[in-house]
Amino acid sequence: MSWKPPVTSADRLRARLDDEFETVAKPEGLRRTSDLRRAAEASAAAGQDPEGASAPASQWQRSSERRAASGRGRRGKDGEGEGARTSEDKPRTPPKGPSLKMRAVGYLSRREHARDELARKLAPHAEDPDEVERVLDALEKEGWLSTERFAQSLVHRRASRQGAARIVQELRQHGVDDAQVSELREQLRATEYERALEVWRKRFGVRPGDRAAYAKQARFLASRGFAHDVIRRILGAGDDD
């Protein structure tokens, strides 16, 4: 009777793997038989389950995909997944600006305005021109808006630096009533010489010595709106009208 070596668990596993891979077609991407043998032997030597050691990587990949899909489903149910929007993400309506009347009061609190001037400033903020007229009517009734008061204020600010002609022109541009313009022009003409003399003294203070100097000073006073007869009284007769 001949002696036979004892059959180990590794030999039995090797034989079983050979039988399986001879009868079953090798799946695409599966490791070679020799690789599986080495993995099985290493697992048996380490005391691990050989079947668990040789599980294909695709099985783990499918498990991870199932977990990811399950997580997406939970997020969708809770309303916290990608694409879910909260109340904070919704577009907010921009706050509404001040009313037309509040804008007008703000302008009038800085200085007096004529009705036409204030209407031009409010027009870009109004949806309807009639709305501007209604606001202006209300402001006049309440005493906020007064074109007469504006005219007096403008004359007071300009009189020390400008002549009657220039001030009257600005009053008309702002829509001041003709009757009030005529009244203010007479008041300005009454003080024209004194005001022009003060302006000339601050700028020159010395009468022109030649024709060129006379023309320079005369042009300056005329550009400020002072009358020609007043300019001749200040500078002298001169040779040039």
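Student: What covers the buried residues of H13?

Tutor: The cover includes helix H11 (192–203) and helix H12 (211–223), where a helix is a DSSP run of H or I with at least four residues, a strand is a run of E with at least two, and both are numbered from the N terminus. Cover is a matter of contact, meaning heavy atoms within 4.5 Å. Bear in mind that this is a predicted model, where local features need pLDDT of at least 70 and side-chain atom pairs count only at pLDDT 80 or more, while totals for chains, interfaces and linings use all residues. Residues are numbered from 1 along each chain as its sequence is written, and side-chain values use heavy atoms, with hydrogens and water left out.

Student: Which residues of H13 are buried?

Tutor: In H13 (residues 228–235) they are Val230, Ile231, Ile234 and Leu235; buried is under 20% relative accessible area, exposed over 50%, and partly exposed in between, with a 1.4 Å probe and protein chains only. These four span an arc of only 120° around the axis, so they sit on the same side of H13; the arc uses directions from the helix axis to the C-beta atoms.

Student: Why would spaced-out residues point the same way?

Tutor: An α-helix has 3.6 residues a turn, so residues three or four places apart point the same way. On the other side of H13, His228 and Arg233 are exposed. Just after H13, Gly236 has a positive phi of about 100°.

Student: Over which ring does the charged end of Arg233 sit?

Tutor: Over that of Tyr193, 3.9 Å from its centre; the test wants NZ of Lys or CZ of Arg within 6 Å of the ring centre and within 35 degrees of the ring normal. Lys121 also has its charged end over a ring, that of Tyr107, 5.1 Å from the centre.

Student: How many aromatic pairs does a search of the whole structure find?

Tutor: It finds 1. Phe204 and Phe220 have ring centres 5.5 Å apart and planes at 85°, so they are edge-to-face; Phe, Tyr and Trp rings (six-membered for Trp) pair with centres within 6.5 Å, and planes under 30 degrees apart are stacked, over 60 edge-to-face, the rest tilted. Phe204 is in the loop between H11 and H12 and Phe220 in H12, so the pair ties together parts 16 residues apart in sequence. Phe204 is partly exposed at 23% relative accessible area, whereas Phe220 is buried at 12%.

Student: How many helices and strands are in the protein chain?

Tutor: There are 13 helices and 0 strands. Of its 241 residues, 27% count as buried.
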